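Biologist: Please put the structure up, and then let us go through its packing and its charged pairs.

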Amino acid sequence: LETLADLPENLPERARLLNNLGPRLSDLGRREEALEAAKEAVEIRQKLAKNRPEAFLANLVGSLNNLGNRLSDLGRREEALEVTKEAVETYRRLAADRPDAFLPNLAASLNNLGNRLSDLGRREKALDATREAVEIRRKLTKDHPGAFLPDLAMSLNNLGNSLSDLGRREGALEAAKEAMKIYSGLAADRPDAFLPDVAMSLNNLGNRLSDLGRREEALEAAKDAVEIRRKLANDRPDVFLPDLAASLDTLGAILSDRGQHEEAVGAAKEAVEIYATLAERWPAAFAGRLGVAARSLERALDGVEGHGEARQVLARAQKLLEHAGEQ
């Protein structure tokens, strides 16, 4: 893997390589380095676009999208939102003139904007952005299903989450089911490419079914998500451990709802252990998730006696959260 110092001095080429390097570093769990690469790509392309916007503006807005994602990875949510808003506004102008070229980019930026708004609890605006992304991607998929079907499924998953956040549970379930159907079909042909997406959809589907009291179905979906993500995390822990923790937390909550407190403690304890390790390294990014998982573990422990090890894990998490709150 190239370091920043190894990249060429030719500015357009350096920016291109930096733009590609950021996501690769992120995939390896090297979040701070990924952010530095994304920042430098934006800085270079801002200078280039100032002098030649017709040649470099589209490249700049692509780098702004990446920068928003890297800031979000590190829990810098307000900054991530501002960068993503700028990307959406610029892509909207570009797409007005050249829809065939830039509508896919606008949809991707709207999808990111929905996530950034959701992260900050701005639920109605998050829903508006995500709905627009779904509408654009549905139209694109109608004409070019092979190219845009995965993108549509991604936005449908986000739409389900946004609807759920607003208590619109039936609509949330329908969106989650449609996403699951699409990803299952894609994974049947290309499992290596789409199994992570299947696991994400299963996790979301488990939550949506649980919201509607369909606990048997929810439990099956959550178990399947954990099984897939455990395999993925065994092979690439830096990439997939956060996802495994999310699915374990979902599984623990569903087991608690079913009164299976012993099993719930096991799942919740493992989720807290993973999040605690991640929060020690990246408190801004993972303290919030650790807090949610710790509350789930506390709830599961209320239904049982003993479990000294799990109570120690909970105590460690609470100390980390207290420390994060002081910073």
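Biologist: Leaving aside neighbours within four places in sequence, which residues are in contact with leucine 297?
Modeller: This is a predicted model. Leu297 and Leu290 have the most contacts inside the largest nonpolar core, which has 105 residues. Once its neighbours within four places in sequence are left aside, the contacts of leucine 297 are Val265, Ala268, Lys269, Val272, Ala310, Val313 and Leu314.

Biologist: Which helix gives the largest share of this core?
Modeller: Nonpolar side chains in soluble globular proteins tend to be buried together. Here the core has 105 residues. Eleven of them, the largest share, come from residues 261–281, helix H12.

Biologist: Is histidine 307 buried, partly exposed or exposed?
Modeller: Histidine 307 sits in the loop between helix H13 (283–302) and helix H14 (308–326). Its phi is positive, about 60°, although the residue is not a glycine. Buried would need under 20% relative accessible area and exposed over 50%. Histidine 307 has 27%, so it counts as partly exposed.

Biologist: How many residues apart in sequence are the parts tied together by arginine 138 and glutamate 178?
Modeller: The closest N and O atoms of this salt bridge are 2.8 Å apart. Arginine 138 belongs to helix H6 (residues 123–143) and glutamate 178 to helix H8 (residues 169–189), so the parts that the pair ties together are separated in sequence by 40 residues.

Biologist: What separates lysine 231 and glutamate 227 along helix H10?
Modeller: Lysine 231 and glutamate 227 form a salt bridge, with 3.8 Å between the closest N and O atoms. Because they are four residues apart in helix H10 (residues 215–235), their separation is about one helical turn.

Key: Residues are numbered from 1 along each chain as its sequence is written. This is a predicted model: local features need pLDDT of at least 70, side-chain atom pairs count only at pLDDT 80 or more; totals for chains, interfaces and linings use all residues. Side-chain values use heavy atoms; hydrogens and water are left out. A nonpolar core is a set of buried Ala, Val, Leu, Ile, Met, Phe, Trp, Tyr and Cys residues joined through side-chain atoms within 4.5 Å. Buried means under 20% relative accessible area, exposed over 50%, partly exposed in between (1.4 Å probe, protein chains only). Helices (H or I, at least four residues) and strands (E, at least two) are DSSP runs, numbered from the N terminus. Contact means heavy atoms within 4.5 Å. A salt bridge is a side-chain nitrogen of Lys or Arg within 4 Å of a carboxyl oxygen of Asp or Glu.
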